[in-house]
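Dear colleague,

Please have the sequence and the model open while you read.

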Amino acid sequence: MRKLMAIALLGLLSTPLMAAECATTVEANDAMQFNTKTITVPKTCKSFKVTLKHTGKLPATAMGHNWVLSHASDEAGVISDGMKAGAGSSYEKPGDARIIAHTRLIGGGESDVATIDVAKLKAGEQYAFFCTFPGHAALMKGTLSLGQ
């Protein structure tokens, strides 16, 4: 029995303990808040997944949320063009090249996943994530950076 435990422990120790976590979950609620303000993407990841989970109860028509990533300098334009695009486009201008990654608009109890191609991120550049539902970005925003 002890030999089996020792072998099992050696097996655990031989696996990389510092493997990069290439995913995170961001929760959004009915009080127009994300549960995080910063995300650091390990540069060793090829892709990075952000799961947006709406923990509230209100439907997308009343309190919908999405998660949109762009360069910080493009945030205002993405939000403005998204409002013009309307709910049918998840408040995102179709084909907007400024959007690096995004989820669809979701309501309470729903979730969606955005996948970031890490090769498109550059160290030292400022990225912003936000909700483009009208008026939400004032409270629902944060920063994303490429880690070491």
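Two strands are taken to pair if DSSP finds at least two bridges between them. Please keep in mind throughout that this is a predicted model.

With that in hand, one can begin with the strands β2 and β8, the latter covering residues 141-146, which run parallel and are joined by four bridges. Within this pair, Ile 39 has Leu 144 of β8 standing opposite. Both strands belong to an open sheet of five strands, whose order is β2-β8-β7-β4-β5 and whose pairing is mixed. The edges of this sheet are formed by β2 (38-41) and β5 (99-102), and because each has a single partner strand, one side of each is left without a neighbour in the sheet. On average, and with direction ignored, neighbouring strands here are turned by 25° against each other.

There is also an open sheet of three strands, again described with mixed pairing, in the order β1-β3-β6. Here β1 (23-28) and β6 (111-117) stand at the edges, and since each has a single partner strand, one side of each lacks a neighbour in the sheet.

Which residue of β6 stands opposite Val 50? It is Ala 114, and the strands concerned, β3 (residues 47-54) and β6, pair in the antiparallel sense over seven bridges.

Methods:
Residues numbered from 1 in each chain as written. Predicted model: local features only at pLDDT ≥ 70, side-chain atom pairs only at ≥ 80, totals over all residues. Heavy atoms only, no water. Helix = DSSP H or I, 4+ residues; strand = E, 2+ residues; numbered from the N terminus. Axes fitted to C-alpha atoms, helices over the stretch in contact; angles between N-to-C directions.
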